[in-house]
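Dear colleague,

I am passing on the structure below, and my notes on it follow. Please read them with the coordinates open.

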Amino acid sequence: MIVLIRKIRLTPKGEIDIMVEAEIISPDSFAGKSEAELCELSVWQGPRQVPLGEFFEVEAWDEETTGDGDGTVDILIDGDASRIKRIGQRMTSGRIEILGSAGMHLGSEMAGGEILVRRDAGPWAGMNMSGGLLEVFGDVGDHAGSAYRGSWRGMSGGNILVRGNARSQVGGGMSGGEILVQGSVENFCGIRQSGGLIVVEGDAVRGVGAEMIGGSIAVLGEIHQFTPGFVAAGTERDPALGEGKVEGEFAKFLGDYAISKNPKGVLFVKEAVV
Amino acid sequence: MPTMVIKNGSVFDPLNGIDGEVIDVFIKDGKVAKDLSSADLARAEVIDARGKTVMPGGVDSHAHVAGAKVNAGRLMRPEDHIGSVRQRTGISHSGSGYTVPSVYKQGYDYSTMGYTTVFEAAMPPLEARHTHEEMRSTPMLDMGAYLVLGNNWFLMRYLHEGEIDKAAAYVAWMMKTHKAYGIKCVNPAGVENWGWGKNVHSLDEPNIHFEVTAREVIRGLAEVNERLGMPISLHLHANNLGHPGNAEITKESLAVTAGVSPYQKMGVEWAETRMDPHRAQSVYLAHAQFNAFGGTSWRDFESGAEVLAKYVNRADHVVIDNGAVPFGPATCMTGDGPSIHDLYVLAGIGGQKWSNTDVELECGSGVIPFTYLKGNPISAIQWAIGLEMLLLVDDPWKTIMTTDHPNGGVFTQYPQVIAWLMSRRARDATAAECHKWGYDRSTLGGVEREMSLFEIAILTRANTSRTIGMAHRKGHLGAGADGDVAIYNIDPERFNPDDYAEIVRAFGKADFTIKDGMIVARQGEVVAVPDGRRYYCEPKVDEGLTRDVMVDVKEWFKYYTIGFANYPVPDKYLRNPVPIVVNGPAEAQEGR
């Protein structure tokens, strides 16, 4: 089937001083707009509202292709966006690809669609996400896939894939969905988790699964300081987690007993490491 | 000065016995006038309110809107702010917060609903400066604050020793010192025990060290209150709040002041009213919902509202506000520290954030986020109790509508509460979405009563003002009253209680909010941002007595963490202060 994809290319015009709040960069708000209209969309930079066209060259065209997804909006940021915040916030469909890095709150509260970042993403990537795919080739900052400050209702669905490292509080308050970090994480990965899956292929510093009451975490590398509220519950080979990404002999722990009398959180650690 | 005519509106002014009559309201120089001269008429701003409901500006007599615990609620809940943001306009500030809004947003939100006056429910003396700082920054509203005195060391000592005169002199000094408006009593004798990890659970249980009982504190403070002739009666947050079966102790607590005669001795000009504008109660019970629980545990928990309402129906010395639970997120905050701890334990999985504070020689405080869910059986019953407490009390002049903001719910949910009071269909619709205990374990399902606009005006302005002693200028449209008016898009001729969504809409955004004769909000938009007044009391007592009391105060002041000189609230903390002289020689003569 021949379908029409709306392609939009944003090419950064130069260095950005004060960070820009650009939740407007989303397939949902770009849909149905001409180049000129896209340039006029306004973003906040500090106390002033500025048209998007001040920061980006904007090109938009329709492209025929085969497949499904007629009318899909496909956004390419052709360069560095590390000082642009909230890209793809609340997006429900379509695609965003960023050739450089992305700023804070990338894809926060996203419900669908796909975001691909070729380099790094700032803190709060995929905060409170409920659906879709967020893939970062480089590293992400703190609070990836976490709940907003003060709340423990975090990511409820969708997938986050980090090919590099993540920092602290990955998946904080997570209740559903999956996070895969191919590198290492720092502190409190899966804090207050109540559902969903976090897989860390590298190491974790400490506090893994602190105060978790449900869901699963697997750490394939080393945990430097183990969380005290977890209790050993035997071993498992190739535990059925995610899509078969976790293979080998694992020690299984239940927790966190520090917060609940009957916690359902499961933490897998490579037997060889234990 | 603003001069205005509001023409052709259907006016609901209960203190003047006006029930929906189509009459014109005149305002001259910011005050309600009988009529206007032709010269005044020529320059007057004219609003045509044909087919609309005209009421005095709304008065909230119990809300937590300023001070340390309110700000603790803001600080501990960033998640309460992210989704609730107000953009600034040319004349108004930005703001944020749903259950605990920033001071600016709070002022604007109240004003756009037609409210012009709001009283802070609990000001700990040591936090009076903070409270006044927040009130000073709250735009558009006239305000005042009740001083928390039910577990005060000096008062507990005086009341236990029966030194009522000294207690009165101390209270008088405290009102002046902290620029406070009335006496608030929170969990009498119990909060002091909480300093030792304990509480009191009956009226006659002496507390630790002071050996004073809740009964002695309630009785003593009520006597002090009437001896001084304060505008508002004793405002009571009763013992055992939030515990199953507490309706009984609530009844007993109210009975304590039955023999105390209400007696206002205020040096003020009284605007004209057809009804007696003086309060008739010697106790004003706060958020009755939280103190009208039946059952003996959470398993057999049920509404105790019928028991309490029956008592209130028989008693002539009681006014209550309900503290409705309109469902959704709330932030519980109170001077009753132990009740917050109990809620923390009850809320289930540990690790929930909460806070508790001991306020030195004075009181305590606690804050905890809480969400009332329709599917939760306890929440559903609390929803029912909140409405029963207003619907089962026959005389509307004994009731006031609140949500105990932000404890039972948020003040911006008042329109929803009004809809439930006015429409049985609205109640049935909500009950159908609730856990079945809502109707099964209360009498609400059998209540036919639907309140009229006249009754709503009593519960939200007229009786509120009368109860707190502001009816000399607020809560009615008699000559000399403040020119505070709310105009709602409700045509009483076509009013249909079954269309409850319309009630919510109409009370959510006043068509006009008028303060001191000036339009301040129009259809939800803030159009002018005046500074409000700050009311407080200056009770007069014998100077020799005050000197004696000061000796006691200074003796124990060593237990405070601050120096005596830093204790009072300086005058500069108040913008537009309005001191009310109480118990002055002239006032004592004039008292009823």
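Helix 17 of chain B bends by about 50° at Leu459(B), where the bend is the angle between axes fitted to the seven residues ending there and the seven starting there, and helices (H or I, at least four residues) and strands (E, at least two) are DSSP runs numbered from the N terminus. This is a predicted model, in which local features need pLDDT of at least 70 and side-chain atom pairs count only at pLDDT 80 or more, while totals for chains, interfaces and linings use all residues. Residues are numbered from 1 along each chain as its sequence is written, and chains are lettered from A and ligands numbered from 1 in the order in which they are written.

Of the 16 residues of helix 17 of chain B, 15 are buried, that is, with 20 or more other C-beta atoms, placed from the backbone, within 10 Å of their own. After helix 17 of chain B comes Gly469(B), with a positive phi near 80°.

Chain B also holds an open sheet of three strands in the order 15-17-16, with antiparallel pairing, two strands being paired if DSSP finds at least two bridges between them. Its edge strands are strand 15 (328–334) and strand 16 (355–359) of chain B. Strand 16 of chain B is joined to strand 17 (residues 363–372) of chain B by five bridges, and Ser355(B) stands opposite Val367(B) in strand 17 of chain B.

Finally, seven residues of chain B are in contact with eight residues of chain A, contact meaning C-beta atoms, placed from the backbone, within 7 Å.

Best regards

Definitions and conventions
Two residues are in contact if their C-beta atoms, placed from the backbone, lie within 7 Å. A residue is buried if 20 or more other C-beta atoms lie within 10 Å of its own, exposed if 12 or fewer, and partly exposed in between; C-beta atoms are placed from the backbone.
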